[in-house]
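Subject: Structure handover

Hi there,

Here is the structure I promised to pass on. Please have a look at it first, and my notes follow below.

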Amino acid sequence: MDRFSWTSGLLELGETLVVQQRGVRLYDGEEKVKFDSGVLLLSTHRLIWRDQKNHECCIAIPLSQVVFIEEQAAGIGKSAKIVVHLHPASSNKEPGPFQSSKYSYIKLSFKEHGQIEFYRRLSEEMTQRRWETMPAGQTIQVNKDPQVGRIRAVGIVGIERKLEEKRKETDKNISEAFEDLSKLMEKAKEMVDLSKSIANKIKEKQGDITEDETIRFKSYLLSMGIANPVTRETYGSGTQYHMQLAKQLAGILQTPLEERGGIMSLTEVYCLVNRARGLELLSPEDLVNACKMLESLKLPLRLRIFDSGVMVIELQSHNEEEMVASALETVSEKGSLTADEFAKLVGMSVLLAKERLLLAEKMGHLCRDDSVEGLRFYPNLFLTQS
Amino acid sequence: LLQMSKQLDMFKTNLEEFASKHKQEIRKNPKFRVQFQDMCATIGVDPLASGKGFWSEMLGVGDFYYELGVQIIEVCLALKHRNGGLITLEELHQQVLKGRGKFAQDVSQDDLLRAIKKLKVLGNGFGIIPVGGTYLIQSVPAELNMDHTVVLQLAEKKGYVTVSEIRTSLKWETERAKQVLEHLLKEGMAWLDTQAAGEPQYWLPALFTELYSQEITPEEAKEAIP
């Protein structure tokens with residue numbers, strides 16, 4: 001492809017158009033190049049290729065560069081091609097789109113057919129070699145081109161025009177996307193309405209619907225992301241998916257939980273699991289729903305919700321109440337502790353440390369000292385020293 | 001129910017078609033994502049409800065937001081010791097972008113808000129508080145009621161607030177103002193400056209970078225002080 005030069009596409013004096021063909025793609029050797037959709041013109045002197053979308057993009061190669069040509073038949077999904085073998089580029093060649101190429105041949109791919117005629121004509125020109133006898137002079141205009149008299153601008157203006165066309169292309173893509181999106185949403189709305197009517201029928205028939213059907217309905221809702229009209233939950237909790245997920249989690253979290261003293265906050269779990277998965281991540285709702293099923297599935301973990309709303313996963317074997325006893329010891333040793341200090345001592349997250357101290361307080365083992373300096377816990381002397 | 005199953009399959013095909021044409025668009029174009037989310041909300045569909053939903057599986061929207069959720073949690077955790085669990089949306093945005101690196105997809109503030117709304121269900125106290133023209137993101141289970149929120153909004157302008165300012169602007173009694181400020185202090189969301197001229201000032205570290213957006217290292221700090 002380095003034998004091509006930029007050109008205005010206008011024929012020169014003495015140069016005649018022989019044949020032209022739309023829908024031609026160029027290859028540099030075996031590799032596709034960005035010139036993928038253009039009009040290929042054969043003249044007495046040159047092969048010219050002009051981009052169908054951007055008429056200012058026009059390249060040409062003198063026929064004198066051609067060594068020989070051969071046909072390449074079409075295949076399944078492949079267009080018919082003409083392979084053009086070339087002499088090396090001359091040193092005084094005009095600038096073109098490629099500075100160098102590792103191939104000494106190019107291919108012309110005829111996506112809209114026409115290669116048989118083109119090959120015939122090209123062979124003729126190669127035989128007659130009319131470019132040797134008809135010297136090319138100043139340029140004249142070819143009336144075949146409807147945009148007569150256009151001046152192709154190189155440089156800044158040309159680049160700007162190309163960018164403008166690209167921008168229009170992108171805009172067109174986006175508006176097309178919005179259109180498609182609207183149509184899609186219409187269909188989605190139909191699904192929502194259908195699910196509502198089904199939910200109503202379920203309510204009316206109360207018990208006429210089997211459990212199997214209920215489960216299926218919930219999974220349909222889950223796929224569409226529709227809120228369950230009966231229970232108002234968006235997650236259709238209790239689906240097969242969540243049951244499987246719960247079992248998976250039990251497997252994945254066993255070791256991390258043991259490493260962290262048997263308890264982890266749900267956000268920690270969320271990050272841990274999703275970081276490990278890398279792809280096909282869990283939504284927060286998926287996680288919560290799966291965890292809600294842990295206990296009923298008799299798995300070795302359970303979900304626990306503290307008064308503050310903080311949610312944690314603990315090992316069944318973990319007993320927070322027992323941990324409170326040891327927390328009391330720790331606090332007594334130090335006289336008093338804040339959640340931060342306790343967390344550092346024990347090696348827990350501040351969030352869980354605070355929950356443990358609050359639980360201890362709830363059970364009556366600790367008293368709080370709530371001041372501007374922070375929340376500090378003391379052993380409950382009222383209880384022990386009465 | 002059979003009808004639903006059939007229609008569901010049809011819809012799935014439609015969605016697949018849509019995805020094959022426009023999946024890239026969703027990943028790369030924040031504005032398109034907003035459009036998409038708004039339209040879903042209008043018709044009553046939550047594309048982020050489950051990773052197993054069609055939307056997530058075929059358009060990949062799920063992974064984008066769930067991963068963002070992880071990054072948001074990590075940023076908030078890292079900065080909690082400094083701002084008590086309150087951070088402006090801007091700073092969160094900056095930090096998340098930094099963490100994602102140069103080659104990651106573009107993430108907009110709208111994207112962050114949507115991811116945060118989903119995180120609320122994890123019970124860790126994620127909340128979104130409107131202040132000034134923007135939002136403060138809460139990431140700890142501290143109770144912040146209307147009074148606290150209003151004071152935060154007042155503090156947004158200068159990064160700090162005083163008891164007198166609260167009395168004048170909000171027409172509260174001193175006691176009420178003090179209670180709110182003390183709560184913020186306790187939660188680590190406000191810092192007390194007793195050396196300020198006039199009366200003590202309650203500063204909000206969450207708002208620091210908005211006003212004084214230079215992060216310097218301890219070495220630079222040492223050099224700066226004569």
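**The largest pocket**

The lining of the largest pocket divides into 20 nonpolar, 12 polar and 17 charged residues. Here Ala, Val, Leu, Ile, Met, Phe, Trp, Tyr, Cys and Pro count as nonpolar, Asp, Glu, Lys and Arg as charged, and the others, Gly among them, as polar. The volume of this pocket is about 1,600 Å³. Its lining holds 49 residues, and the closest to the centre are A:Ala339, A:Val350, A:Lys354, B:Lys80 and B:Glu187. Elements that give two or more residues to the lining include α9 (339-346) and α10 (350-362) of chain A, and α4 (61-83) and α9 (174-186) of chain B.

For the terms: on a 1 Å grid over the protein atoms alone, a pocket is an open set of points with protein on both sides within 12 Å along at least five of seven lines, a cavity is a set where a 1.4 Å probe fits but cannot get out, and lining residues have an atom within 4 Å of a point. Volumes are the space filled by probe spheres set on the points, which are joined across faces, edges and corners. Helices (H or I, at least four residues) and strands (E, at least two) are DSSP runs, numbered from the N terminus.

**How to read the model**

This is a predicted model: local features need pLDDT of at least 70, side-chain atom pairs count only at pLDDT 80 or more, and totals for chains, interfaces and linings use all residues. Residues are numbered from 1 along each chain as its sequence is written, chains are lettered from A and ligands numbered from 1 in the order in which they are written, and side-chain values use heavy atoms, with hydrogens and water left out.

Chain A averages a pLDDT (the predictor's confidence in each residue, from 0 to 100) of 81, and 89% of its residues score at least 70. Over residues 138-150 of chain A, pLDDT stays under 50. Where pLDDT is low, the predicted coordinates should not be read in detail.

**The cavity**

How many cavities of 30 Å³ or more does a search of the whole structure find? The search finds 1, and about 40 Å³ of space lies in the largest cavity. A:Lys187, A:Glu190, A:Met191, B:Gln7, B:Met10, B:Phe11 and B:Asn14 line it. The largest share of that lining, 4 residues, comes from α1(B), and the lining as a whole divides into 3 nonpolar, 2 polar and 2 charged residues.

Best wishes

Conventions: Contact means heavy atoms within 4.5 Å.
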